[in-house]
Amino acid sequence: MAEGSTPVLALEAVTLTLPSAAGPVNILRGVDLAVAPGERLAVIGPSGSGKSSLIAVGAGLEQPTSGAVRLFGQDLARLDEDGRARLRRGRAALVFQAFHLLPDMTAEENVATPLEIAGAREALTTARQWLGRVGLSGRLTHYPHQLSGGEQQRVALARALAARPALLFADEPTGNLDSRTAAIVADLMFDLVAEAGAALVMVTHDPVLAERADRLVRMADGQIETRTIEA
Ligand SMILES: Nc1ncnc2c1ncn2[C@@H]1O[C@H](COP(=O)(O)OP(=O)(O)OP(=O)(O)O)[C@@H](O)[C@H]1O
Ligand SMILES: [Mg+2]
């Protein structure tokens, strides 16, 4: 990491233990991780190893049991839920495997609504421009159920990136797509992230997608081991 550049995301000795019927589950077990501005990180590892939990804790959606999480240099433990939402707004965005579009809103409303909430003017115009960039100019007023999986994920990408975030979390963004559609969505995601200069924290089971990142982190049993991809 370049000297003097504050990581967009830093986890220090993070643990996450949640209760279950069978007793407490140690989901994250001492995770240290720093993501530099503009860095693209892939997180791989077997099912149940804690990848989605790492994203939930890093994005401030879940509170760690111990350890510290700093998002854009701010200690999340010092913020309440509103404060964490304010910190994320416009600076950190999330894309999930299951798209998570709002079912009662059209494609353009799904993209425009967060912009409106963030106080942007001309939110609908901006939304339409972004949907054009992901190749969906002809689908502006379609509802999610009227869109294919790949189209829904492109709407989700437009929604995530329209706010010009400095950090995009993506949890298996191509996991529900066939390989051809996955490649199209992955190309778009990398192009848009590069153009925005955003950092990317991407969980994936796809080795081809993982190799496109600058750095690869493998999780196993709630812990992390790192190896840097040779350029
Ligand atoms: N709310 C919860 N309460 C108890 N245990 C949980 C909870 N959420 C997740 N877990 C457990 O934590 C472990 C890690 O889950 P997580 O979803 O982070 O795995 P993952 O690496 O993303 O797996 P996958 O590749 O299948 O998505 C799993 O064993 C899971 O069963
Ligand atoms: Mg997961």
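**Close-up 1. Leucine 157 and its contacts in the predicted model.** Once neighbours within four places in sequence are left aside, leucine 157 is in contact with Val95, Leu168, Val185, Leu188 and Met189. This view, like those that follow, is taken from a predicted model. Leucine 157 belongs to the largest nonpolar core, which has 43 residues, and it is listed with Leu131, Val155, Leu168, Met189, Leu200 and Met202 as the residues that touch the most other members. Helix H6 gives the most to this core, contributing eight residues. In soluble globular proteins, nonpolar side chains tend to be buried together.

**Close-up 2. Helix H3 and the helices beside its buried residues.** Helix H3 covers residues 107-117, and its buried residues are Ala107, Glu108, Asn110, Val111, Ala112, Thr113 and Leu115. These buried residues pack against two helices, H4 (123-133) and H5 (149-162). Just after H3, glycine 119 takes a positive phi of about 90°.

**Close-up 3. The salt bridge between arginine 128 and glutamate 108.** The closest N and O atoms of arginine 128 and glutamate 108 are 2.8 Å apart, and the two residues form a salt bridge. Because arginine 128 lies in helix H4 and glutamate 108 in helix H3, the pair ties together parts that are 20 residues apart in sequence.

**Close-up 4. The salt bridge between aspartate 187 and arginine 212.** Here aspartate 187 forms a salt bridge with arginine 212, and their closest N and O atoms are 2.8 Å apart. Aspartate 187 lies in helix H6 (residues 179-196), while arginine 212 lies in the loop between helix H7 (207-210) and strand S9 (215-220), so the pair ties together parts that are 25 residues apart in sequence. Aspartate 187 is partly exposed, with a relative accessible area of 36%, and arginine 212 is also partly exposed, with a value of 33%.

**Close-up 5. Further salt bridges in the structure.** A search of the whole structure finds ten salt bridges. One of them joins the side chains of arginine 78 and aspartate 75, with an N to O distance of 3.8 Å, and arginine 78 itself counts as exposed, at 74% relative accessibility. Elsewhere, Arg133, Arg164 and Glu195 are linked in a network of salt bridges. Side chains of opposite charge can pair when their charged atoms come close.

Close-up 6. When residues up to four places away in sequence are not counted, threonine 174 touches Ala182, Val185, Ala186 and Leu209.

**Close-up 7. Phenylalanine 99 and histidine 100 in the loop between S6 and H3.** Phenylalanine 99 lies in the loop between strand S6 (92-96) and helix H3, and although it is not a glycine, it has a positive phi of about 70°. Histidine 100 lies in the loop between S6 and H3 as well; this residue, which is not a glycine either, has a positive phi of about 55°. Phenylalanine 99 is buried, with a relative accessible area of 10%, whereas histidine 100 counts as partly exposed, at 46%.

How values were computed:
Residues are numbered from 1 along each chain as its sequence is written. Chains are lettered from A and ligands numbered from 1 in the order in which they are written. This is a predicted model: local features need pLDDT of at least 70, side-chain atom pairs count only at pLDDT 80 or more; totals for chains, interfaces and linings use all residues. Side-chain values use heavy atoms; hydrogens and water are left out. Buried means under 20% relative accessible area, exposed over 50%, partly exposed in between (1.4 Å probe, protein chains only). Helices (H or I, at least four residues) and strands (E, at least two) are DSSP runs, numbered from the N terminus. Contact means heavy atoms within 4.5 Å. A salt bridge is a side-chain nitrogen of Lys or Arg within 4 Å of a carboxyl oxygen of Asp or Glu. A nonpolar core is a set of buried Ala, Val, Leu, Ile, Met, Phe, Trp, Tyr and Cys residues joined through side-chain atoms within 4.5 Å.
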